[in-house]
Amino acid sequence: MKKRGLKENIKILLLISPWLTSFIVFKLYPIIYSLYLSFTRYNPIRNKPPRFIGLRNYEKILHDAVFMTALKNTILFVIITVPITTMLSLFIANILVSNLNIRKKQFFQSSYFMPVVTSMVVIASIFSFLYSPNGYLTALIKFFGADIKFGRGVLADPKYALYAIMLMDVWASFGYYTILFLAGLQSIDEQIYEAAAIDGAKGFTLFRKITFPLISPMLLFVLVINTIRSFQIFIEVYVMTQGGPLRSTTTVVYYLYETGFHKMKMGYASAMAYILFLIILFFTIIQKLIVKDKR
């Protein structure tokens, strides 16, 4: 293979320089700087340089009751919404790929994907209205026997507020993962199914032996991005509850935002961000090992 000359390398570098510059300025530098800030005490309003304090921010987080509540809420959000969203989207993708003609399939694909391209602020505002004391969803939840307190709707009740946000999040996001699974299912060669059918495979056995192993890379991708997105849940909480009532819907990212931009404790907020990064990394590795083991 012919080696590229210096001129060609310079041309390539010039072509990618706009992206490279934006990546360094808006991505890499903030990541490195926030890591540095996590070891400091820094309030940007006071016009003083960050003061290095070592691991004190991380030690303080371990004893922060509000952070632990936020972490518990976030993990609960993840372990409930991620499996439901993944299974629901995979189920619907299977139906779309096998039982509908092209026109119906295109209609349902567009319908399911519509919430994904809609602003989450708009969706959260609509659901806030639906969850109001006279809203349809509040009436439906009461119909099934829920005793909603405070008389201000589901979002004012610490017992149900987080689950109400979960319900909205599943509805708003499963369409995106449905399209991803649909792409994975459509990439499977029909001849593989025909050969398996000749051997007597059908129903769930066909899915377990053929479909699941072949879409496992897509499944891993969906699980990872769904988990990352769920750990970073913020807009829904910000618009619908502002972390209340009684901290029942405070998530790590919302508490991070509150700490960094309301209390102006940038060092402490940066430490929270890196703890969240490590938690997401841990869950991602576990998911990769589980999916790889199932293949």
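## Close-up views of a predicted model

View 1. V25 lies in helix α1, which spans residues 6-37. The model is predicted. V25 counts as partly exposed, at 43% relative accessibility. A nonpolar patch on the surface is formed by W19, F23, I24, V25, F26, L28, I31 and I32. Together these residues have about 800 Å² of accessible area.

**View 2. The salt bridge between R229 and D169.** A search of the whole structure finds 2 salt bridges. In one of them, the side chains of R229 and D169 meet, at 2.8 Å from N to O. R229 belongs to helix α9 (residues 203-231) and D169 to helix α7 (residues 161-186), so the pair ties together parts that are 60 residues apart in sequence. D169 counts as buried, because its relative accessibility is 0%.

**View 3. The salt bridge between R247 and E258.** Here the closest N and O atoms of R247 and E258 are 3.0 Å apart. The pair links distant parts of the chain, 11 residues apart. R247 sits in the loop between α10 (235-240) and α11, while E258 is in helix α11. R247 counts as partly exposed, at 28% relative accessibility. E258 has a relative accessible area of 12% and is therefore buried, the cut-off being under 20%.

**View 4. The largest nonpolar core.** This core holds 41 residues. Which of them touch the most other members? They are I61, F67, F181 and M272. The elements that give two or more residues to the core are α2 (56-62), α3 (65-99), α7, α8 (190-198), α9, α11 and α12. Helix α12 supplies the largest share, 10 residues. In soluble globular proteins, nonpolar side chains tend to be buried together.

**View 5. A positive surface patch that includes K263.** The patch is formed by R41, R51, R56, K60, K263 and K265. Where is K263 placed? K263 is in the loop between α11 (252-262) and α12 (266-294). K263 has a relative accessible area of 42% and is partly exposed.

Conventions:
Residues numbered from 1 in each chain as written. Predicted model: local features only at pLDDT ≥ 70, side-chain atom pairs only at ≥ 80, totals over all residues. Heavy atoms only, no water. Patch = residues over 30% accessible without salt bridge, like charges linked within 9 Å, V, L, I, M, F, W, Y side chains within 5 Å. Areas by Shrake-Rupley, 256 points an atom, 1.4 Å probe, with all protein chains shown as cover. Salt bridge = Lys/Arg side-chain N within 4 Å of Asp/Glu carboxyl O. Lys, Arg positive; Asp, Glu negative; His and termini not counted. Charge placed at Lys NZ, Arg CZ, Asp CG, Glu CD. Helix = DSSP H or I, 4+ residues; strand = E, 2+ residues; numbered from the N terminus. Buried < 20%, exposed > 50% of the residue type's maximum accessible area, 1.4 Å probe, protein only. Core = buried A, V, L, I, M, F, W, Y, C linked by side-chain atoms within 4.5 Å.
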